[in-house]
Amino acid sequence: MRLYAIISLLGMLVMTGWWLADYQTLWGKTEFGDFYHFAIRDYYFLGLCVLPSILSHLATIWGHYYRADTIFQESITRVSSSDKKQKVSIWERKDSYFGCTVKYYVLVFIATVVNLAWFGQPMKGLAKELEEGEPFWPEVFGAVGYGSGYAAMGACGMILFLVLRRSMLHALGFTYADLLPLHRWMGVAIIFWSVIHTVGYMGVFIINDLIAKEINFDGETRGPQNIMGFVALAGLLVLGLFSIPYLRRKFYTIFLFVHRYGTIVTLAGTLMHYPYFMTWYYVIPSVCLFMADRFVPKIIQAFALAPEVMCTFDKDSDILTMVVVSKNRTEPLKPYYPGDYINMEIVGAGRLHHPFTIASYWAEDPYSMTLYIRTFESKDSWTHAVAKMCGDEGKVVTIPCNIDGVFGDRNHDYLGAHEIVFFAAGAALTTFMPLIKAMAAQIEADGKSAIRGHLICTFRYESELYAYGEFMHRITHDPRFTSWLRTEIYVTRENRSPLTHVIVPFDNKKKHISSSSSDSDNTSITTGELPSSAVVAHQAHASTVTDFDTTRYTDKSIPTFLAANSASASTLHARRDMFLTAFLLIIPAVVFIGARHVPWEGTWDGEWRWCLTTEIFDQNMTNKCMWNYTMTPGLVHIIAGCFWGYLGLWYARRRSAGLGGKEDEAVVSAREQQQSEHMRQALESQVQVINGSIAFVKGRLDAAKAIDALVAAEVGMDKEKTTSVFVGGPDSFLDAVEKEHRKAKWVVDFHRETWSP
């Protein structure tokens, strides 16, 4: 186990121990000082909860990003080194039915134990109360209500850890896709505990005839606080409603809105319902990491990337090609690895960031990244709106964009397999394109192969075979690929028009055109006109392979990451990442500690008391005072984090746009011209003239027959050899392949690759 993983594991164990022991150790213990200003218990909180989470997070960044290059190099060499083959570890083994790994079940077990401990610890006094003759049902309902309320608060602190793109769990081998289901189930747990909490105390109120006294706005009892509890529960139920898979996918924009603002309502309502400062002990660490996780990648990319994306749209295949480039050629982009993705916001097409897998191979051009996006003709489709902004056939357009990322899995142990099988439907091919190139580069560099590959893909139109640059043509003609990769291609429909593909020249003359998108009327778009002489017609079903097909790639080597000097680029970006993350974690934490020292409600007889009104016993004023001391330090902490995060993002984007300094106009103009030329070269390298000689099968891909053919070739049937299977595409396609995979009783390591929300 690597050092960064050990640090992350220790941090997680310390935090888990603190979660389990906190109630018995700190809650209600007067020897640890007052609750409402900085005291001894704060040192325990900072040392056993905040500090381990920060150190583990920084260790994860160091390991996943600073050491990512080394990890990938160790993995990719296995494709050509038979002596480095490894079996799938017990930690990574999956069950045959649900497809979940052993490590996932271990994490679920730990989360379950912690939740039950949260519920059970406050109920320890129930037996004693009953022995002393207290009424049975009121005591039982009260204990259940109290224990479930504590469990709900604890789960609120755990749930954000499970949606971080970079956390201590990732350092232990988990991926975002692994953790997302547990995040959803933790949300179910919060709703469950909250409902049980409500039922428990409502039982007490009904039995003791206290409903009118305990649920009101008079301010003489806990009535207003209980009203806020119902507000928090309502917000939580709405969150849960729109998280149901059908509603989440059908109304995804509404889901995001409800998720963001419903969370604020629920958290604020919870704190006002139970204004006890120690509630923050569970929320603050995950909120700290969540803010850093959302701000830092955006800031880094804003400094590194050009503020515009170059795009062109192919109507025949409905594929949008987008190229993002480095701000200048003096600094390569942060290395991205096979399977990595970015979140993209197109200015003028809404404010949401949309995730897309990077289709290009970093080592080929460290100064750009390419996306291929399938568009959908729907009035509510974001991709359709962007396609309109990218102009008509034969035009190249640059439009403003913001990038968040790069993110991805740092575990590439699957490269140690003897066989690797890819099933891809349409644009899901982009998930595997850089991986296939990386494997070919390593095999070429070492002069041998210790792996066999199988690519089985299906597309709607033949034109789509040429929409991904030269990739499809190259893997079916270049011996660097055909020597170890067998490719099957299926096309299901007739082309919409005669097959044509072009090299699109770029003209740096700026023209302003208006987009039909309602959000983009003021968007400035740079276009390049396509001269008609550049159009090249293609023969649809070429039956022969020309000498040109086999020799055109002779002089086009595929560099490895090592040859492209990826280590130095990783080091540069990792240092920035570490510095920005530490700043955004430590500075707001210092502000939080300072806010804990402030006597927000004044003093009493020269003493710093948590609340003056405790001597007056006015419940309404006490509620106000408790709300102030409970919520103010956390609110100040969040404001400080957001302030520095948005300030850094604003400054980075301003610098990227050339507005942050007093540069000479000639220097700015020269840089813009260089950037435009770079963008042109990057796009032309992706949009290639191909002669049409890609063989394919006309018809639908039958998953059962494809798997039967693989089984007949003994792929995935030898228990002494490991086989990895990756399936990318819509859920229906993934489900069909997975169903047939189970029927065939394949002895394989099966992976689903999908971006369904």
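This is a predicted model: local features need pLDDT of at least 70, side-chain atom pairs count only at pLDDT 80 or more; totals for chains, interfaces and linings use all residues.

Visitor: Fine. Where is H473, then?

Guide: H473 sits in helix α16, which covers residues 471-477.

Visitor: Is H473 buried or exposed, and why?

Guide: H473 counts as buried because its relative accessibility is 1%, and the cut-off for buried is under 20%.

Visitor: How far is H473 from I694, in sequence and in space?

Guide: They are 221 residues apart in sequence, but their C-alpha atoms are 6.1 Å apart in space.

Visitor: Let's switch to disulfides. How many come out of the count?

Guide: One disulfide. The partners are C311 and C390, with their sulfur atoms 2.0 Å apart.

Visitor: What's the handedness of the C311 and C390 disulfide, and why?

Guide: Left-handed, because the torsion about the S-S bond is about -110°.

Visitor: And where do C311 and C390 lie in the chain?

Guide: C311 is in strand β1 (residues 308-314), while C390 is in the loop between α14 (382-389) and β6 (396-407). The pair links distant parts of the chain, 79 residues apart.

Visitor: On to the rings. How many aromatic pairs are there in the whole structure?

Guide: A search of the whole structure gives 35 aromatic pairs. One of them is F119 with W193: the ring centres are 5.0 Å apart and the planes are at 25°, so the pair counts as stacked.

Visitor: Which parts does the F119 and W193 pair tie together?

Guide: F119 lies in helix α4 (residues 102-120) and W193 in helix α8 (residues 176-207), so the pair ties together parts that are 74 residues apart in sequence. W193 is buried, with a relative accessible area of 8%.

Visitor: Which residues do ring pairs link into a cluster?

Guide: The cluster is W18, W19, Y23, F45, W118, Y146, Y150, F161, Y282 and F592, linked by ring pairs.

Visitor: What lies over the face of F174?

Guide: K103 does, at 5.3 Å from the ring centre.

Visitor: Now the surface. Which residues make the nonpolar patch?

Guide: M1, L3, I6, I7, L10, L13, L51 and L55 make a nonpolar surface patch of about 780 Å². Helices α1 (3-25) and α2 (40-66) each supply at least two of the patch residues, and the largest share, five residues, comes from α1.

Visitor: Pick one, say I7. Where is I7?

Guide: I7 is in helix α1, and at 34% relative accessibility I7 counts as partly exposed.

Visitor: Last topic, backbone. Which residue has a positive phi of about 60° although it is not a glycine?

Guide: That's D318. D318 is in the loop between β1 and β2 (319-325), and D318 is buried, with a relative accessible area of 4%.

Visitor: And what is phi of E714?

Guide: Phi of E714 is near 65°, again a positive value in a residue other than glycine. E714 lies in the loop between α22 (703-712) and β14 (723-728), and E714 is exposed, with a relative accessible area of 60%.

Definitions and conventions: Residues are numbered from 1 along each chain as its sequence is written. Side-chain values use heavy atoms; hydrogens and water are left out. Patches are made of residues with over 30% relative accessible area and no salt bridge: like charges are joined within 9 Å, nonpolar side chains (Val, Leu, Ile, Met, Phe, Trp, Tyr) within 5 Å. Accessible areas come from the Shrake-Rupley method with a 1.4 Å probe; for residues, only the protein chains shown count as cover. A salt bridge is a side-chain nitrogen of Lys or Arg within 4 Å of a carboxyl oxygen of Asp or Glu. Helices (H or I, at least four residues) and strands (E, at least two) are DSSP runs, numbered from the N terminus. Buried means under 20% relative accessible area, exposed over 50%, partly exposed in between (1.4 Å probe, protein chains only). Rings of Phe, Tyr and Trp (its six-membered ring) pair if their centres lie within 6.5 Å; planes under 30 degrees apart count as stacked, over 60 as edge-to-face and the rest as tilted. A charge sits over a ring if NZ of Lys or CZ of Arg is within 6 Å of the ring centre and within 35 degrees of the ring normal. A disulfide is a pair of cysteine sulfur atoms within 2.5 Å.
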